[in-house]
Amino acid sequence: MSELLDPMHRRHIEALNVVKPGARTLEVGCGNGSFSAWLAERVSPGGEAVAVDLDLSLIEVRAPNLELRQGDIVAGPVERGSFDLVTARAVLHHVADAKTAIKNLVASLRPGGALLLIEPDFLPVSVAEPPDVRAFWQGWLEWARERGVDYQIGRTLAPRLAGLGLIEIGGSAETAIYNGGSPWANYWTQTITELRVI
Ligand SMILES: C[S@@+](CC[C@H](N)C(=O)[O-])C[C@H]1O[C@@H](n2cnc3c(N)ncnc32)[C@H](O)[C@@H]1O
């Protein structure tokens with residue numbers, strides 16, 4: 001996931017223009033930590049990147065100004081009013097109480113800080129071609145829904161943030177179009193294969 005999504009995540013962060021030397025950043029649901037390691041580089045010298053996940057066992061990175069913390073974003077804010085940037089990618093759709101999680105992410109922002117959420121919205125699969133592929137995705141969405149995974153959360157983020165009083169809210173959507181053998185196809189093949197084994 002980090003190979004597929006880090007470049008897009010970096011592009012959005014650059015556009016926000018808040019990650020500078022001396023800044024403090026927070027990534028929640030950091031997975032293998034690759035993105036927080038990049039943030040740590042970008043806030044050097046003088047800044048700090050904090051990376052939080054329920055499970056730190058996949059972390060592959062270390063840096064002097066990268067602090068790794070085990071934690072659950074539903075349990076409370078990581079630190080109130082402390083971060084210039086708070087970000088989470090591909091996390092909230094797995095969280096049963098996304099409302100509380102988002103409230104806690106917002107509470108960790110400094111006044112004037114920026115929040116960047118990157119989450120899926122599988123709307124495009126409803127028009128995928130050919131029909132066999134569309135049927136696969138329909139089955140996938142039903143399977144996920146039964147397990148509490150919300151692949152339609154993307155469309156809800158802007159109104160949720162407006163409801164929490166954030167200003168200057170913006171959003172964009174990107175749809176990957178790919179063939180068999182591509183990195184995205186390999187990602188899905190590996191995901192389905194692993195789930196089949198479980
Ligand atoms: C699909 S992975 C995405 C990892 C990484 N953000 C990426 O995009 O490569 C979701 C991550 O969120 C973490 N996570 C799920 N629920 C969480 C929670 N309530 N608090 C903190 N982390 C959570 C999981 O442990 C997992 O590492």
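## A walk through the sheet and its helices

Start by selecting strand β4, residues 83–89. This strand is mostly covered, with six of its seven residues buried. Keep in mind as you go that you are looking at a predicted model.

Stop 1

**Stop 2: one side of β4.** Select β1, residues 24–28. β1 and β4 run parallel and are joined by four bridges. L26 stands opposite V86 in β4, and E27 has T87 of β4 as its bridge partner.

Stop 3: Next, pick β5, residues 109–118. β4 and β5 also pair in the parallel sense, over six bridges. Then show helix α3, residues 98–107: β4, α3 and β5 make a right-handed β-α-β unit.

**Stop 4: I118.** Stay with I118, which has its place in strand β5. Is I118 buried or exposed? I118 counts as buried because its relative accessibility is 14%, and the cut-off for buried is under 20%. Leave aside its neighbours within four places in sequence, and I118 is in contact with M8, H9, H12, A88, R89 and A90. For a sense of distance, select A51 as well: A51 and I118 are 67 residues apart along the chain, and their C-alpha atoms are separated by 16 Å.

**Stop 5: helix α2.** Select residues 34–42, which make up helix α2. Why is this helix described as largely enclosed by the rest of the structure? Because seven of its nine residues are buried. Colour them to see the pattern: S34, F35, S36, A37, W38, L39 and A40. These buried residues pack against α1, β1, β2 (48–53), β3 (66–70) and β4.

**Stop 6: helix α1 and its meeting with α2.** Finally, select α1, residues 2–16. Now show α1 and α2 together. Their axes come within 10 Å and cross at roughly 35°, and the crossing is right-handed. To see who makes the contact, show side chains for S2, D6, H9, R10, I13 and E14 of α1, along with S34, F35, W38, L39 and R42 of α2. By class, this contact has four nonpolar, three polar and four charged residues. While you compare positions along the helices, remember that an α-helix has 3.6 residues a turn, so residues three or four places apart point the same way.

Methods. Residues numbered from 1 in each chain as written. Predicted model: local features only at pLDDT ≥ 70, side-chain atom pairs only at ≥ 80, totals over all residues. Heavy atoms only, no water. Buried < 20%, exposed > 50% of the residue type's maximum accessible area, 1.4 Å probe, protein only. Helix = DSSP H or I, 4+ residues; strand = E, 2+ residues; numbered from the N terminus. Pairing = 2+ DSSP bridges. Right-handed = clockwise from strand over helix to strand, strands pointing away. Axes fitted to C-alpha atoms, helices over the stretch in contact; angles between N-to-C directions. Left-handed = near helix turned anticlockwise from the far one by under 90°. Contact = heavy atoms within 4.5 Å. Nonpolar A, V, L, I, M, F, W, Y, C, P; charged D, E, K, R; others polar.
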